[in-house]
Amino acid sequence: MTIHIDDSKPFPQFLQEPDNKRESFASMSKREAAGLKLISDEMEQEKKELEKLRELRAKRFERKKKLLYNNLDLILRHRDEILATPRYANIDAHYAIKGGGLYIGPLSTSRRLSFAGTSLDINLKLGSLLEVWDTDQFKMECKCGGTAVICSFTGSPLSGSSQATAYCPKCNEESRIGNRSFGDYYGLMEIKLDEYIESVAKEMVAKWTLAEAEYAKKVAEGKSSQWSRPGSKFHGDSEYCDLETMINELKLKEFEEKANEGY
Ligand SMILES: [Zn+2]
């Protein structure tokens with residue numbers, strides 16, 4: 001059997017307007033008589049609470065951004081260690097860099113994907129950010145002789161021109177830099193997020209393959225019951241760490257190293 005899809009006609013406009021409820025006067029009267037609202041109080045409450053959460057999240061990311069830049073010198077001193085330690089390299093750092101361009105809008109450093117109704121936020125990681133900052137495009141020599149890193153950029157994909165702000169961890173000054181390719185800023189950032197998405201997808205497939213193999217082993221050993229499924233063998237990474245913990249661990253480590261030098 002062949003299914004023919006007629007896409008010669010555009011979809012009706014109302015499909016793109018989920019908020020646009022077309023209701024006749026008669027059905028409105030009936031609905032109101034039944035005490036039903038198009039937007040219920042519970043829906044309003046949910047919307048209000050989500051808005052509060054969104055505000056709190058924005059404040060939290062602003063605080064984390066300050067913390068990251070205030071400790072940038074410490075973080076860069078431990079660059080290699082962070083890259084070699086998954087629980088450090090995988091810390092969310094999507095809030096640390098801002099970019100965007102005319103016509104194409106803001107750079108996305110976070111992507112929300114939904115799988116069977118379960119959403120997964122995939123964010124730019126600290127390890128990816130450190131790799132980006134190590135490229136010539138994302139660093140510059142500061143007036144003080146230190147190396148500043150790009151923390152925001154704007155520009156135009158048509159002219160290719162850009163304006164960027166760089167932060168120097170040595171003198172804590174911000175400086176502006178122009179005349180670098182906008183496409184190279186934007187493209188490199190996109191590639192880093194795409195690379196990370198690939199590694200998340202591959203990791204999930206690998207973990208699921210492992211879960212199926214472990215379950216098959218259990219079945220072969222006669223240890224399965226009617227209540228067991230391969231899903232019980234599916235586990236994610238347990239090595240979670242946040243920026244605050246990493247910074248504290250690195251500070252303690254440097255303190256101990258200094259203390260040991262004294263002896
Ligand atoms: Zn400087």
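1. Two strands count as paired if DSSP finds at least two bridges between them; helices (H or I, at least four residues) and strands (E, at least two) are DSSP runs, numbered from the N terminus. Strand E1 (residues 98–101) and strand E6 (residues 147–155) run parallel and are joined by four bridges. Gly101 has Gly155 of E6 as its bridge partner.

2. Some conventions apply. Residues are numbered from 1 along each chain as its sequence is written. The model is predicted: local features need pLDDT of at least 70, side-chain atom pairs count only at pLDDT 80 or more, and totals for chains, interfaces and linings use all residues.

3. On confidence, pLDDT is the predictor's confidence in each residue, from 0 to 100. The protein chain has a mean pLDDT of 91, with 92% of its residues at 70 or more. Helix H4 (residues 79–84) has the highest confidence, at 98, and helix H1 (residues 25–33) the lowest, at a mean of 91. Residues 9–17 have pLDDT below 50, and this stretch has two contacts in the model beyond near neighbours in sequence (contact: C-beta atoms, placed from the backbone, within 7 Å).

4. E1 also pairs with strand E2 (residues 105–106), in the antiparallel sense, over two bridges. Here Gly101 stands opposite Gly105 of E2. Three residues lie between the strands of this hairpin, and Tyr103 takes a positive phi near 70°.

5. Tyr167 has Glu174 of E8 as its bridge partner. The hairpin has six residues between its strands, and Asn172 takes a positive phi near 60°.

6. Which helix comes within 10 Å of helix H2 (residues 41–70), axis to axis? The partner is helix H8 (residues 243–261), and the axes cross at roughly 20° (axes are lines fitted to C-alpha atoms, for helices over the stretch in contact, and angles run from 0 to 180 degrees between N-to-C directions). H2 and H8 are therefore roughly parallel to each other (angles under 35 degrees; over 145 is roughly antiparallel, 65 to 115 roughly perpendicular, the rest oblique). The crossing of H2 past H8 is left-handed, meaning that the near helix is turned anticlockwise from the far one by less than a right angle.

7. Lys64, Leu67 and Leu68 of H2 make this contact with Leu243, Glu244 and Ile247 of H8. By class, the contact has four nonpolar, no polar and two charged residues (nonpolar: Ala, Val, Leu, Ile, Met, Phe, Trp, Tyr, Cys and Pro; charged: Asp, Glu, Lys and Arg; polar: the others, Gly among them).
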